[in-house]
Amino acid sequence: MKRTLLAVLAHPDDESFGPGGTLARYAAEGTAVHIAIATDGVAGSVVEAYKDKREQLAAVREKELEAAVAVLGGTLHNLGYRDSGYINDPANNHPQAFIQADETEAVGKVVRLIRELQPQVILTHDETGGYFHPDHIMCCKITTAAFHAAGDATQYPDIGPAPFQPKRLFYTTMPNRWVKIMILLMRLRGKDPTRWGRNGDIDMTRVGADPSQITTTIDYRDYWDVKLAASAQHTSQGGGTSFSRMMPGWLQKQLFGRDSFIRAYPLLRNGRREKDLFESAG
Ligand SMILES: [Zn+2]
């Protein structure tokens, strides 16, 4: 059976800035990689050039996303929601905002994709959304529900061709030991790690998982450049360059050229670890 992977992520850029290296590696190795993005990214942080044209931003980000997914070697699907902002952002109150979406309908959209594409492996954000972004948390919630509903003929009986149960569900994460190094580098550079990001609203000290929680590590050092090339397509988001100024590329590749995941279903027992998302999943 052909290996198929479906990543369901919140924003245009999460596929590249997030598990882009892993997605590029699986695509290059022959897996059908499908990338579903929930929102249009209009509430995302914007670089100076786009400050006054937010209304055009959705179209710009769509083009950037299409280009990035092509670089990664994936197939793009849009869930069609409006971006919510970070915690307390007024964008969160917009009736079309992803976090205001009808959950049954949103789960149904992912159920449809699962039944149509028949992926063995599903990836999404973890329950904390990585840095507590409401859209990431919503994405985790609906994708987890869809993972468990897609194979059940009694749920969403009118959606998609036939019930299909994927075998593995993974959450993206980051070991907090790297976060601790980043925090140290920030402090050395005189930056406040509790006010990270372009909007200064991300508390880095709350980001990342304890290494004991991480079940699955994917080495993508051979695809490091592909991830960078995909990230660079997101020009309106700065192309992912803010972090890369902090240390030389070869060192980043060696230190950060692995993605970390928590296998959410089925649970890995006895402290077992794996290096392949498809391990014994066909
Ligand atoms: Zn995001």
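A residue is called buried when its relative accessible area is under 20%, exposed when that area is over 50%, and partly exposed in between, as found with a 1.4 Å probe on protein chains only. By this scale R221, at 23% relative accessibility, counts as partly exposed. The model is a predicted one, in which local features need pLDDT of at least 70 and side-chain atom pairs count only at pLDDT 80 or more, while totals for chains, interfaces and linings use all residues. Residues are numbered from 1 along each chain as its sequence is written, and side-chain values use heavy atoms, with hydrogens and water left out.

Side chains of opposite charge can pair when their charged atoms come close. R221 pairs in this way with D219, at 2.7 Å from N to O, and D219 is partly exposed at 29% relative accessibility. Another salt bridge joins E279 to R272, with an N to O distance of 3.4 Å; E279 is partly exposed with a relative accessible area of 27%, and R272 is partly exposed at 43%. R25 forms one with E29, whose closest N and O atoms are 3.0 Å apart. E29 is partly exposed, with a relative accessible area of 47%.

Helices (H or I, at least four residues) and strands (E, at least two) are DSSP runs, numbered from the N terminus. Eight of the nine residues of α2 are buried, so this helix is largely enclosed by the rest of the structure. The buried residues include G20, L23, R25 and Y26. After α2 comes G30, which has a positive phi, near 105°.

The interior may be described next through its nonpolar cores. A nonpolar core is a set of buried Ala, Val, Leu, Ile, Met, Phe, Trp, Tyr and Cys residues joined through side-chain atoms within 4.5 Å. The largest has 33 residues, and L6, L79, V111, I114 and I142 have the most contacts inside it. At least two residues of this core come from each of β1 (4-9), β2 (32-39), β3, α4, α6 (134-149) and β5 (168-173). Apart from it lies another core of 23 residues, including A24, V33, L123 and A230.

Contact means heavy atoms within 4.5 Å. Leaving aside residues up to four places away in sequence, V111 touches A146, A149, A150, Y156 and I159. T124, in strand β4 (residues 121-125), is buried with a relative accessible area of 0%.

C140 can be set against D89, which lies 51 residues away in sequence and 20 Å away in space, C-alpha to C-alpha. D89 is found in the loop between β3 (75-81) and α4 (103-117) and is partly exposed, at 27% relative accessibility.

The last feature is a pocket: on a 1 Å grid over the protein atoms alone, an open set of points with protein on both sides within 12 Å along at least five of seven lines, lined by residues with an atom within 4 Å of a point. The second largest pocket has a volume of about 240 Å³, where volume is the space filled by probe spheres set on grid points joined across faces, edges and corners. Of its 15 lining residues, P175, R177, T217, R258 and S260 are the closest to the centre.

Note on methods: 1 Å grid on protein atoms, 1.4 Å probe; cavity = no way out; pocket = protein on both sides within 12 Å on 5 of 7 lines; lining within 4 Å. Salt bridge = Lys/Arg side-chain N within 4 Å of Asp/Glu carboxyl O.
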